[in-house]
Structure formats: structure tokens, C-alpha cells
Amino acid sequence: MGLASIPRGVGHNFTPEYQISAIPYMRTSTINTLTDEGDNVRSFEFPKITQWLSFKADGAMTVYFCKEDAVAEANGLPVGTTASYPFNIRCTKLYFNNDTDGVRSLEKRSGLTVIQKEEFSNVVETFLEANN
Amino acid sequence: MGLASIPRGVGHSFTPEYQISAVPYSRTTAQSERIVVKNANGSIVAGANPAAPGGDETTIRRILFPKITQWIHFKANADDVNVYFSKKDALAATASNSLKLAANEETLPLRIRCAAIYFIDGVANNLQIDAGLTAIQSEEFTEVVETFLGDSI
């Protein structure tokens, strides 16, 4: 049985995928090596929708959940050298301000659902930017 | 009633097994087994001698869980330890695709669903691994996480 067993189109709110335990997905990267989104913003994309997220950095820095907030350096989640609690966060992409945090190394500890990321692309971003 | 009461074939996503409390299962890295894998794709070389892997092979360490995990808690002691979830990642020159535990770091119970974890061969023997297991056969999930993360089998 493969991992991609959830039929495309079930939606990002397919409840059982958030009730069972998640697929481990650990990535560490230096912010300035991530995808360049322009406007001094870098991004990191998960291969599936996340069920939970924990962060551990090599110094104080900030994680954003939409580009607009990363540009403005507002409404972010501050993280540091102690691993954060595993937050039940549903998203597909993280954003960073490269001017401020470009040299930081960030460990992203995540648990993934098996729901395709396309089901949720730009949903969090649209919501957050509409509420700015 | 024994623990193996979940009928084979229900699948690794049988939700009730993740909603009830889990069966305790604790190990340390000292109890990990040595396996030999191919450098190219992380596939296991059956019958290979871990003390003398071939030129295109590497010895790594593995802990196989007897059932699919519901959660795992890690407690490092005096040494840094990197925990990998695929064999190929355990072969990588960098630890960027691992759970990087600093000396004395303790995680919360992480809701991770897997059937095996991996380490480099020279891993310290003092990582404490406490897992909560479902009663779902590990065969339902063997190599699923690994192939998602890039292993070939």
C-alpha cells in the first residue's frame, strides 16, 4: 500500500487524516537557500498538507504563513533555539524574511497528512492577506 | 484477547487505533540492528555482512517497531543524535533530512506514524526511544514512509 492512498478531491478537511498519526517529515535548511519569492522573501513548501509543525532554529527568527506578512515582518511566529511545541497547523508553505533571517538555519519538524498539497495551496495565504 | 486483534488488511489508516491510547514500547539505540543498504537507492542488501559492506554499500542502524507507531518520544543523553525516517536519508552526507536532537534534548510525544527508524552506524547507544504503538501490523506500513521520502525497495 502506497502513501498516496487518499483520492484527489477529498478536500483539505478530510477529518480522518488529522485524527490518525502523521507521516514524519524533517527538513533543515538555511533560509537564504530556499525558494526566492521576490521582495526579499524566501519560502519552503511541504509535499503534503501538514498535520502538525514544530520549529527549532539556530537563533531567534520568525516564521510567516503568507508572503505579505513576511515582507512587512508582521504577524509572524517567533521561534528560537528551543524546539517549539508541535502545533496543530494545517498549511503547505512557510515564508521568511531573507533580509532579517537569511543566515538562520531552521529545522522544520513536521507531521504530514497524505492529502495532496494542491488541495490547500494559497488557502492560508489568501485568508491571512485578506485579513491584513 | 491478544494484542493482534486488528484484522490484517484494515490498512494503516484505521482511525480508531489512533484515537485510543497506545501500547508502550521502549528501546534505546543500543538495541538497534545493523543493516547493509545500497548507496544508490537505500535498498537493503539481504544477507550482507554489516562488518564488511561492499564498495557501493553502507552499514546503517535500524529499529523496527512490531506494530505501527501512534507516537514517539525521544530523549537524548550526552550525545547529539540524528534520527532518520528513510534509509537513503541515513546515508546522506548531511543531516538536513533528520530529526536533529541535541545532547540532553527531549521531545514531546510526536504523533508520528511509521514502522521503522534509522541511524548512522556510529550512532551513540544512549538515545531513549519511547513509542506508543497501535495494534496494526507493521507490515501494513512497511517501507511506505521510506519510499515517500525517496528510498527504492
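**Exercise 1. Where in chain B does B:Thr142 lie?**

Solution. The structure is a predicted model, in which local features need pLDDT of at least 70, side-chain atom pairs count only at pLDDT 80 or more, and totals for chains, interfaces and linings use all residues. Residues are numbered from 1 along each chain as its sequence is written, while chains are lettered from A and ligands numbered from 1 in the order in which they are written.

Step 1. B:Thr142 is found in the loop between strand 8 (128-137) and helix 3 of chain B. Helices (H or I, at least four residues) and strands (E, at least two) are DSSP runs, numbered from the N terminus.

Step 2. B:Thr142 counts as partly exposed because it has 18 C-beta neighbours inside 10 Å. A residue is buried if 20 or more other C-beta atoms lie within 10 Å of its own, exposed if 12 or fewer, and partly exposed in between, with C-beta atoms placed from the backbone.

Step 3. Although 75 residues separate B:Thr142 from B:Lys67 in sequence, their C-alpha atoms are 10.0 Å apart in space.

**Exercise 2. Describe strand 4 of chain B and its pairing with strand 8.**

Solution. Step 1. Strand 4 of chain B is mostly covered, with 7 of its 9 residues buried.

Step 2. Strand 4 pairs with strand 8 of chain B in the antiparallel sense over 7 bridges; two strands pair if DSSP finds at least two bridges between them.

Step 3. Within this pair, B:Trp71 is opposite B:Gly132 of strand 8.

**Exercise 3. Characterise the side of chain B that touches chain A.**

Solution. Step 1. Contacts link 26 residues of chain B with 21 residues of chain A. Two residues are in contact if their C-beta atoms, placed from the backbone, lie within 7 Å.

Step 2. On chain B, the elements giving two or more residues to this side are helix 1 (16-19), strand 4 (67-75), strand 6 (99-101) and helix 3 (144-149).

Step 3. The residues of this side comprise 11 nonpolar, 11 polar and 4 charged. Here Ala, Val, Leu, Ile, Met, Phe, Trp, Tyr, Cys and Pro count as nonpolar, Asp, Glu, Lys and Arg as charged, and the others, Gly among them, as polar.

**Exercise 4. Which residues touch the most other members of the largest nonpolar core?**

Solution. Step 1. A nonpolar core is a set of buried Ala, Val, Leu, Ile, Met, Phe, Trp, Tyr and Cys residues joined through C-beta atoms within 7 Å.

Step 2. In the largest core, which has 62 residues, A:Phe96, B:Val83 and B:Ile117 touch the most other members. Strand 4 (residues 48-57) of chain A supplies the largest share of this core, 5 residues.

Step 3. Not counting residues up to four places away in sequence, B:Val83 touches B:Phe74, B:Ser98, B:Leu99, B:Leu101, B:Ile117 and B:Phe119.

**Exercise 5. Why do strand 2 and strand 7 of chain A each have one side without a neighbour in the sheet?**

Solution. Step 1. In chain A, 3 strands form an open antiparallel sheet in the order 2-3-7.

Step 2. Strand 2 (35-38) and strand 7 (93-97) stand at its edges, each with a single partner strand, so one side of each has no neighbour in the sheet.

Step 3. Strand 2 and strand 3 (residues 41-45) of chain A pair over 3 bridges in the antiparallel sense, and A:Gly38 stands opposite A:Val41 in strand 3.
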